[in-house]
Amino acid sequence: MPIDAAKALAAEPRSAEIAWDHKDVQLYHLGLGAGSPATDPAELRYTLESRLHVLPSFATVAGAGMGVVGGLSAPGIDIDLTAVLHGGQSVTLHRPLPTGGRAVSTSRVAAVYDKGKAAILVLRSEAADDEGPLWTSDAQIFVRGEGGWGGDRGPSERLELPDREPDKTVERPIREEQALLYRLSGDWNPLHADPEFAALAGFDRPILHGLCSYGMTLKAVVDTVLGGDVTRVRAYRTRFAGIVFPGETLRIRMWAGDGRVQVAVTAVERDDAPVLADTVVEHS
């Protein structure tokens, strides 16, 4: 079996020094669609270095996403990238992210779940600098054809949406070239750029990165519900419920509650096909 769960879980965590500066942050924000309108003061907070703040989902790409990259090459794991999909993501912030810095990122396989016809790897990345912890990030990686060894099936919780109309609904277009731009933040999986590779994975054209729709959604919540204040975000989690293609439009519905926002994201052009589900932004 290409995934040896016991070996993967027993492997020593791997650490690497990561670094980023304002250009990395600006590129990430542009890859999410920030900067339109270009002179809007609300957008300049994402694009102009003299006003820059950092969207907390930047943690998923800081240092080129060492947690996911390191996890997929961990001992006990030998898988075909065409069988891999990003199943879910969570980020917990320990303090606001600086626009530039250096940190040590420690990565490990935190869990391996047997879903029968597939496996789920939980790849955990923790980053800290000289002042202490910065973030903890968990990526849930869905690997088709790798289950069936009789292991722990893991949690299967589903979050019910409030039984009322959303407090806010916004639509965010995905540019045709957006996946190509987002790749420059470090996720080089050809699934998001190469039509031939996408066909091998069962798609008629390249799909958008799940983490791009993840970042776009958090930006929408910050801008719409949290007054544009990224420092209010404490944690953010989602399940990737479906794909979205460049050129489509995300419909983002938000329900504000006590210290959290529940979110549902769908693809407008495909009759509101689910894109993100079980999505929560916890905030101050």
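**Local backbone features and overall form of the predicted chain**

Asp-272 lies in the loop between β9 (260-267) and β10, where helices (H or I, at least four residues) and strands (E, at least two) are DSSP runs numbered from the N terminus. The structure is a predicted model, in which local features need pLDDT of at least 70 and side-chain atom pairs count only at pLDDT 80 or more, while totals for chains, interfaces and linings use all residues. Residues are numbered from 1 along each chain as its sequence is written, and side-chain values use heavy atoms, with hydrogens and water left out.

The phi angle of Asp-272 is near 60°, a positive value in a residue other than glycine. Asp-272 counts as partly exposed because its relative accessibility is 32%; buried means under 20% relative accessible area, exposed over 50%, and partly exposed in between (1.4 Å probe, protein chains only). A positive phi, near 50°, is also found at Asp-278, again a residue other than glycine. Asp-278 lies in strand β10 and, at 17% relative accessibility, counts as buried.

Asp-278 is one of the residues touched by Arg-239, contact meaning heavy atoms within 4.5 Å. Arg-239 is found in strand β7 (residues 233-240) and is partly exposed, with a relative accessible area of 25%. With residues up to four places away in sequence not counted, Arg-239 also touches Gly-87, Gly-88, Arg-158, Val-275, Leu-276, Ala-277 and Thr-279. The C-alpha atoms of Arg-239 and Gly-87 are 6.0 Å apart in space, although 152 residues separate the two in sequence.

Ser-284 is placed in the segment after β10 (273-283). At 44% relative accessibility, Ser-284 counts as partly exposed. Its contacts, not counting residues up to four places away in sequence, are Arg-232 and Arg-234. Between Ser-284 and Glu-160, which are 124 residues apart along the chain, the C-alpha separation is 22 Å.

A cis peptide bond, with omega about -5°, joins Ser-36 and Pro-37. Pro-37 is found in the loop between α2 (22-31) and α3 (41-47).

Helix α7 (residues 210-224) has 15 residues and reaches 21 Å from its first C-alpha to its last, close to the 21 Å expected at 1.5 Å a residue; the expected span is 1.5 Å times one less than the number of residues. Twelve of the 15 residues of α7 are buried, so the helix is largely enclosed by the rest of the structure. The buried residues of α7 include Leu-211, Tyr-214, Met-216, Leu-218 and Lys-219.

At the level of the whole chain, there are seven helices and ten strands. The C-alpha trace spans about 55 × 50 × 40 Å along its principal axes. Of the 284 residues, 48% count as buried. Among contacts with a separation of 6 or more, 72% are between residues 24 or more positions apart. The chain exposes about 12,900 Å², of which carbon and sulfur atoms supply 51%; accessible areas come from the Shrake-Rupley method with a 1.4 Å probe, and for residues only the protein chains shown count as cover.
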